[in-house]
Amino acid sequence: MNISIIVGSLRKESYNKKIAEFLIKKFGGNHNLEIVPIDKLPLFNEDIEEEPPAEVIQFKKKLKDSDGVIFVSPEYNHSIPGGLKNALDWCSRVDRVLVRKPTFIIGASNGNVGTARCQSHLVQVLNSPGLMTLNMPNTHVLIPNVQDDFDEEGNFTNERTINYFDKIMTRFVQWIEKNRD
Ligand SMILES: Cc1cc2nc3c(=O)[nH]c(=O)nc-3n(C[C@H](O)[C@H](O)[C@H](O)COP(=O)(O)O)c2cc1C
């Protein structure tokens, strides 16, 4: 399976990016998992949506060719980071590449609620008419106080979450298979 991962943080040392990389290391033997970067996307502008820059075309094509998309994102100011929302706005127009695409959400923050508010907004956006993804129900992965979950070598050490990833990836693959056209 080709599974794209969109990381909501652009920061080099992002915990969410490290978690995405952990998923690739852990599950990459079974599936083709790949981070699809959003940092080169211009701000969405309706004036250029029909003939967007190459970065947008490549980004949308990558998602269109994926069997599923995983979001791994922090929460910014109780909501979706602007860069991620911008990427979704591009996806929501013209060829609407995420319609009926199986998705699920993971989020890590250094606060106590582990991106819960961002995730509820993100679900709402993914359900909007331009996006209409098939977000896997009832499977939010919330990782609070993420700064405590890495050892000195940068390894992700949260055993409970690691075990949960096993279950959730199995369920996500089933969710993709179940929703194949
Ligand atoms: C602009 C901004 C807004 C933030 N807002 C929140 C927030 O609403 N809730 C929260 O738990 N953490 C918030 N944080 C802290 C993030 O959880 C923390 O910076 C986290 O490490 C970001 O994810 P990253 O490591 O993947 O970049 C915010 C950070 C930034 C830079």
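1. Let me start at Trp-175, which, apart from its neighbours within four places in sequence, is in contact with Pro-102, Thr-103, Leu-134, Asn-135, Met-136 and Pro-137. Please keep in mind that this is a predicted model. Trp-175 belongs to helix H5. With a relative accessible area of 17%, Trp-175 counts as buried, because the cut-off for that class is under 20%.

2. The protein has five helices and six strands, and from the N terminus on they follow the order β-α-β-α-β-α-β-α-β-β-α. The C-alpha trace spans about 45 × 35 × 25 Å along its principal axes. For 181 residues a compact globule would have a radius of gyration near 16 Å, and the 16 Å of this protein agrees with that.

3. Of the 181 residues, 48% count as buried. Among contacts with a separation of 6 or more, 79% join residues 24 or more positions apart. The protein exposes about 9,500 Å², of which carbon and sulfur atoms supply 47%.

4. Now to the interior. In soluble globular proteins, nonpolar side chains tend to be buried together. Here the largest nonpolar core holds 28 residues, and Ile-19, Ile-70, Phe-104, Ile-106, Ile-143 and Phe-165 have the most contacts inside it. Two or more residues each come from strand E1 (2–7), helix H1 (15–27), strand E3 (68–72), strand E4 (102–108), strand E6 (141–143) and helix H5 (159–178). H5 gives the largest share, seven residues. Apart from this core lies another, of 24 residues, including Val-36, Ala-87, Val-123 and Leu-126.

5. Not counting residues up to four places away in sequence, Ile-143 touches Ile-19, Ile-106, Gly-107, Ala-108, Ser-109, Gly-114, Asp-149, Phe-156, Thr-161 and Phe-165. Ile-19, Ile-106 and Phe-165 are also among the residues with the most contacts inside the largest core.

6. I would also point you to helix H4, where Cys-118, Gln-119, Leu-122, Val-123, Val-125 and Leu-126 are buried. These residues cover an arc of only 160° around the axis, so they lie on the same side of H4. The buried residues of H4 pack against E3, H3, E4, strand E5 (134–135) and E6.

7. Ser-73, in the loop between E3 and H3, is another one to inspect. Its relative accessible area is 2%, so Ser-73 is buried. Leaving aside neighbours within four places in sequence, Ser-73 is in contact with Gly-8, Asn-16, Pro-81, Leu-84, Ile-106, Gly-107, Ala-108, Thr-115 and Cys-118.

8. Finally, two backbone angles to check. Thr-115, a contact of Ser-73, has a positive phi near 75° although it is not glycine. Thr-115 is found in the loop between E4 and helix H4 (116–126) and is buried, with a relative accessible area of 0%. Arg-100 likewise is a residue other than glycine with a positive phi, near 65°. Its place is the loop between helix H3 (82–91) and E4, and with a relative accessible area of 42% Arg-100 is partly exposed.

Note on methods
Residues are numbered from 1 along each chain as its sequence is written. This is a predicted model: local features need pLDDT of at least 70, side-chain atom pairs count only at pLDDT 80 or more; totals for chains, interfaces and linings use all residues. Side-chain values use heavy atoms; hydrogens and water are left out. A nonpolar core is a set of buried Ala, Val, Leu, Ile, Met, Phe, Trp, Tyr and Cys residues joined through side-chain atoms within 4.5 Å. Buried means under 20% relative accessible area, exposed over 50%, partly exposed in between (1.4 Å probe, protein chains only). Helices (H or I, at least four residues) and strands (E, at least two) are DSSP runs, numbered from the N terminus. Contact means heavy atoms within 4.5 Å. The arc is that of the directions from the helix axis to the C-beta atoms. The radius of gyration is taken over C-alpha atoms; the globule rule is 2.2 Å times the number of residues to the power 0.38. Accessible areas come from the Shrake-Rupley method with a 1.4 Å probe; for residues, only the protein chains shown count as cover.
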